Each structure stands twice: as structure tokens, then as C-alpha cells.
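Please read the following points with the model open beside you, and look up each place as it is named.

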Amino acid sequence: MRIDFLLTWKKVLAAAVAAVLLALGVSLSGMVSIAASSGHFAPVGWFLHWTMGNAVDRQSLLISVPPGIDLADPALVQRSAGHFATGCAPCHGAPGVPQSPVVLSMTPHPPRLEGQIGEWKDRELFWIVKHGIKYSGMPSWVTQGRDDEVWSQVAFLRALPDLTPERYADLALGGEAARKPREAGGETMAALDGIFEVALTDCARCHGRDGLGRGSGPAAEAFPVIAGQPEAYLLASLKAFAAGERHSGFMQPPAKRYDDGTLAQLAAWYAAQPADARPGEDRGPSPAVGTVSAPDGIPRQILPQGARSESAIVSAAAAGGLPQGREALLDLGRRIALEGIASRKIPSCTRCHGAEGRRKNDHYPYLAGQPEWYLKTHLHLWKEKERGGTRFKHLMTEVAEGLTDEQIDAVAAWYAEQPLGR
């Protein structure tokens, strides 16, 4: 029997409309199972995972590890360990931390990561951490403007398969908490009740109870120092994180957990901690230079004999050339910090961040002794208009926009060499 069929655009359109109506009819019937308890048929599960893998691979093709980032850097691993304990381990588990039965009842349920990290490229891990996965419960990074934090999380994930339960607990929790048995879900519901001691424990996973930052040896200076910072500055910063006005995937979630009263207690605690040098650290002023206080209270530089003037060395760097050698870099940073760059309308950093400036305005933090990476990162964020903060944040945006990358490197290096908290 012969059947003649002529395909026309009207028939194609009718078939498309019929397909749409059929799909709507199936959906309207309520017969499609959306129950997590039913799971997926094996072919459906395979297809969804295959689709996800293809999407991650193709959409991450243009991503690469930025120059200067070493994913094996212990400080980078340490920086995201505490966040993993509160933000990732509740679903994925961790070394010595079982997954909760509640999490295992999800469809799809979050996988344990130790055995799967090796299946993904660095760029793919970055993409997943930053963007998350739809319909899986995997969230995106809280802020899309902090790639430095995402790369830190990738560094921790790369280290995860080789961590013993003891090493993981020390990295992620530290202190007494590292010696306690880990319950299923890890730190799943840490500090949701706003109790100060539990909140302080939450902060201490990264900053330590003393505010000097956790980590030692190669992982020292993994965190900014908050001990002895002005209480008003700390509280305003915490509130900015909580309100989403200052962006950080590490800081926004914990700051949002607590009420203003608890944030105020945390600010008071860390402001009261002494900003002494870290254990084993004894950094004095940079050699061959000193300062005196002028009548206006702003430190003025005593140049060693034969030193070049501010205008000579700053103008050379302003042209885009990085000073040769660490000593020259520190020399440039010193001049920017103490004198500013008049030709670019950049004031000295000490005018606000020195002791006299902080006495005049308790929303200005000290910079001396802060990690070099931290100062550089945040100056670049201000320069790119990605850095929020307190109501004085616009002042730093104006300053950072006038600095070259070389000048940012120099002033960050100089402040990192100074005695902590000065």
C-alpha cells in the first residue's frame, strides 16, 4: 500500500503546536513524579549528568588559572578551609565527617568530593564553584565579583583528597574543635541561634579567637588581621557584609546569620584583642629610613643620605615601570604611604590610616602588618569599583583609581613589612 505525504510548513507548525499541547497536557495531569523519594531512572540520571558535564566543560573553556596563583599554596588552601566546613561539608561531608541522612535523601544527592575531584579540570572546578548547578541544590558563589575567593576554594578542593580527618579538622576548625568527634553534616547549623560564644567560634575558624588569623609556616598570613582594629570599623564592616554592601563569599554568609547585637559583641571582642606580632614574627621598621611627627600629626620621612626624591622614583613608576628589586619596590611603597603622590592628587596613606588619622575617625583601619596579598587584592577591587564597605568606601575608590598596578604592588609590599598595627 502506498501512502502519499507532502510536508508543508503548515503541517510542521501544526506538529510543533501539538507537541507543545501534549507537553502541557502531561504537565497538567500531575502524573509526572517530582518526588525526591522516587529518584531517577538510570537512563535519565545518566543523561542529566552527561548534559551537566558537557555544559561545564564547554562553558569553562576560556577559564585558566591566573598568573600568580598557585593552587598548591598552603595559604590559599587554609584561606577557604573554614568556609568549606560551614558552606560545603554540610552537604558533601568531609574527611572524618559523614553526610547527613537528610542530605542523602535528596535527588540528586550531593556526592562526596574526595573521590571525584580528580575527574574535573581546574577550570571546571572554578566554573562549578562560581556558578553552581541548577536544580541540584548546588548554589553559586555568593558574589560573582570575587574570583580570588573562588580560586582559593578550588585550591582547597585540590588538597581535599589527600587530607586525613585530623588534618582536615585542624585546617577547617582548629583549636579544641579539631579534637572533637565530627557529627554528620559537620558544622551544618553552626551559630544560627546567634549565641555569642558559638558565633565567636564561627569567626575563629579563620581569624582565630585572637584575631591574628589562623595558619602557620607556609600558610601564615592566610587571613587579614582584625585584632585591635577600631570597633566602629569592625562593626560597620560586619553590617556591610550582612547587608550585601561589601562582597565576599567567605564573609557574607556568616555575617548574615547574626543579629546586630551579636555583630556588635564580635566587633568589641576583636577590637579588644592586642595587635601584637604573630608568634615567631618580629618585624621592625624597614631599614635605612625613619619618620618624625610634624605639627599636623602626619609622619614625615627622614631620608637616608643619597636617597632619591619622591618625585624621581614615583614618576618613574607612574610611567608603568616596576622598580627593580625588593628594596626599590619598598622604597616606592614607603614614599606613597608616607607622602602620597601630589602630581596624581593621591594623599599619603598615613593621613587616614596612621595612628593620628585613626584617632580622628574610628572607621579607618590600620594597614601596617596586613598580608601583602590582602592589601593588593582590595586595592585592585577598589580600583575596579568592585569593593564595597562602610560609608567611607568612596574615599578609597578615588585613591585606588589614581594608582597604577605597580604602585599598588609597592604600597602593599611596604605596609606588609611594617610592625603589625602601627
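1. Histidine 363 sits in the loop that links helix 14 (355–360) and helix 15 (372–383), where helices are DSSP runs of H or I with at least four residues, numbered from the N terminus. Because its relative accessibility is 13%, histidine 363 counts as buried (under 20% relative accessible area, with exposed meaning over 50% and partly exposed in between, for a 1.4 Å probe and protein chains only).

2. The model is a predicted one, in which local features need pLDDT of at least 70 and side-chain atom pairs count only at pLDDT 80 or more, while totals for chains, interfaces and linings use all residues. Residues are numbered from 1 along each chain as its sequence is written, and side-chain values use heavy atoms, leaving out hydrogens and water.

3. Leaving out residues up to four places away in sequence, histidine 363 touches Ala232, Tyr233, Ala236, Thr390, Arg391 and Phe392, a contact being heavy atoms within 4.5 Å.

4. Is leucine 21 buried or exposed? Leucine 21, which belongs to helix 1 (residues 9–29), counts as exposed because its relative accessibility is 55%.

Key: Helix = DSSP H or I, 4+ residues; strand = E, 2+ residues; numbered from the N terminus.
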